[in-house]
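Here is a short tour of one protein chain. Keep the sequence and the 3D view side by side as you read.

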Amino acid sequence: MTRTIVASATREIIIGFDQPFCVIGERINPTGRKKLAAEMIEGNFDTVIKDALEQVAAGATMLDVNAGVTAVNPNETEPPLLVKTLEIVQGLVDVPLSIDSSVSAAIEAALKVAKGRPLVNSVTGEEEKLEAILPLCKKYDVPVVAISNDETGISMDPDVRFAVAKKIVERAMDYGIKPHDIVVDPLVMPIGALGDAGRQVFALLRRLREELKVNTTCGLSNISFGLPHRHGINAGFIPMVIGAGMTSAIMNPCRPQEMEAVRAANVLNGTDANCTNWIRTYRDHKPAEGGHAVAAAAAPAASGGRRGGRAARTGGAAASE
């Protein structure tokens, strides 16, 4: 069974088909968040701290960390800012982290200070990216998100996206990186613009699981882009992609409706043994004013990890407001 191991300094998590769904908190990302970007440029990390703590409290299994505040000289500006952000976050929480950047120098700088075994987000099928990122993943022995696009862009043909994913897996093996350390993002398209986007991704996920035997992830909210009441679409999408084989998603864990869908899917999928996590989270569940469900305390969506992770080593979804 395919298992991708990620870890902080003290906690190890397994991403896998037989594990609870891995929720990767998306909020520490200045893309589309002008206020957060301005704060980070000024050296103010109050919102980063708030987002990190709130996402873990809401049940995030991991946290994505992105510091892409500007397109101006990112090779110079992004590496030190990503390192600073990563150090702050890993000093606050014990969940594993995802190092999110399109700048290779920033990824390497972050890997040098990252504790445990982070997830690199990401590599694409572009030759330049493959040659820059895969050697880093091998050097630091870390898993990587493989995004299914290449020099030709994002194909609307799911067969082409599968072929790109297969190419990345094969190239990774050339570097000695096993398929269990590749987490494929099949690229979820907006259902409002592409009517069969849901069916496309469900079919792709089945192929990725059965043929390549890799774990998968996505920017969850992409499916509802441009639609009203997006969280309703997202919540309906979650159990369907899990049923098709998706094992993680970059999403906002602070949305109760979506986290309820994750936890319910874990129960129904048999990865929440004896409904333990569901009962712990919703035992004192009460309807709040307006009909929104609340729980006394949020338990992690995934309990497949264990304490005592690996020692410190030195050696693409936009967040929504």
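The buried residues of H7 are covered by elements that include H6, S8, S9 and H8. Covering here rests on contact, meaning heavy atoms within 4.5 Å. Helices (H or I, at least four residues) and strands (E, at least two) are DSSP runs, numbered from the N terminus. The model is predicted, so local features need pLDDT of at least 70 and side-chain atom pairs count only at pLDDT 80 or more, while totals for chains, interfaces and linings use all residues. Residues are numbered from 1 along each chain as its sequence is written, and side-chain values use heavy atoms, with hydrogens and water left out.

**Helix H7 and its end**

Which residues of H7 are buried? They are Ala-197, Gly-198, Gln-200, Val-201, Phe-202, Leu-204, Leu-205, Leu-208 and Leu-212. Buried means under 20% relative accessible area, exposed means over 50%, and partly exposed lies in between (1.4 Å probe, protein chains only). An α-helix has 3.6 residues a turn, so residues three or four places apart point the same way.

H7 has 16 residues, which should span 22 Å at 1.5 Å a residue. The expected span is 1.5 Å times one less than the number of residues. The end C-alpha atoms of H7 are 21 Å apart, which agrees.

Just after H7 comes Lys-213, with a positive phi of about 55°. Lys-213 sits in the loop between H7 and S9. With a relative accessibility of 49%, Lys-213 counts as partly exposed. Most residues other than glycine have a negative phi. Leu-187 also has a positive phi, near 70°, and is not a glycine. Leu-187 belongs to the loop between strand S8 (182–185) and helix H7 (197–212). Its relative accessible area is 12%, so Leu-187 is buried.

**Helix H9**

Helix H9 covers residues 256–268, 13 residues in total. From first C-alpha to last, H9 reaches 18 Å, close to the 18 Å expected at 1.5 Å a residue. Its buried residues are Glu-258, Met-259, Ala-261, Val-262, Arg-263, Ala-265 and Asn-266. What covers them includes strand S3 (22–28), helix H2 (46–58), helix H8 (230–244), strand S10 (248–251) and helix H10 (276–282). Gly-270 follows H9, and its phi is positive, near 80°.

**Two helix pairs**

Two packed helices are described by the angle between their axes and the distance between the axes. Axes are lines fitted to C-alpha atoms, for helices over the stretch in contact, and angles run from 0 to 180 degrees between N-to-C directions.

| Helix pair | Angle | Axis distance |
|---|---|---|
| H5 (127–140) and H6 (158–174) | about 40° | 11 Å apart |
| H3 (74–92) and H4 (104–113) | roughly 35° | within 8 Å |

The angle of about 40° makes H5 oblique to H6. Angles under 35 degrees count as roughly parallel, over 145 as roughly antiparallel, 65 to 115 as roughly perpendicular and the rest as oblique. The H5 and H6 crossing is right-handed. A crossing is right-handed if the near helix is turned clockwise from the far one by less than a right angle, and left-handed if anticlockwise. In H5, Glu-127, Leu-130, Glu-131 and Leu-134 meet Lys-167, Ile-168, Arg-171 and Ala-172 of H6. By class, this contact of H5 with H6 has four nonpolar, no polar and four charged residues. Ala, Val, Leu, Ile, Met, Phe, Trp, Tyr, Cys and Pro count as nonpolar, Asp, Glu, Lys and Arg as charged, and the others, Gly among them, as polar.

H3 and H4 also cross in a right-handed way. The H3 side of the contact includes Glu-78, Pro-79 and Leu-82, and the H4 side includes Ala-105, Ala-106 and Ile-107. The contact of H3 with H4 counts ten nonpolar, one polar and two charged residues.

Gln-55 is part of helix H2. Is Gln-55 buried or exposed? Gln-55 is buried, at 0% relative accessibility. Beyond four places in sequence, Gln-55 touches residues including Gly-25, Glu-26, Met-251 and Cys-254.

Ser-248 lies in strand S10. Ser-248 too has a relative accessible area of 0% and is buried. Beyond four places in sequence, its contacts include Ile-15, Phe-21, Val-183 and Thr-216.

Leu-227 is placed in the loop between strand S9 (215–216) and H8. Leu-227 is partly exposed, at 29% relative accessible area. Gly-192 is 35 residues away along the chain, yet the two C-alpha atoms are separated by 6.5 Å. Leu-227 touches Ile-191, Gly-192 and Ile-233, leaving out residues up to four places away in sequence.
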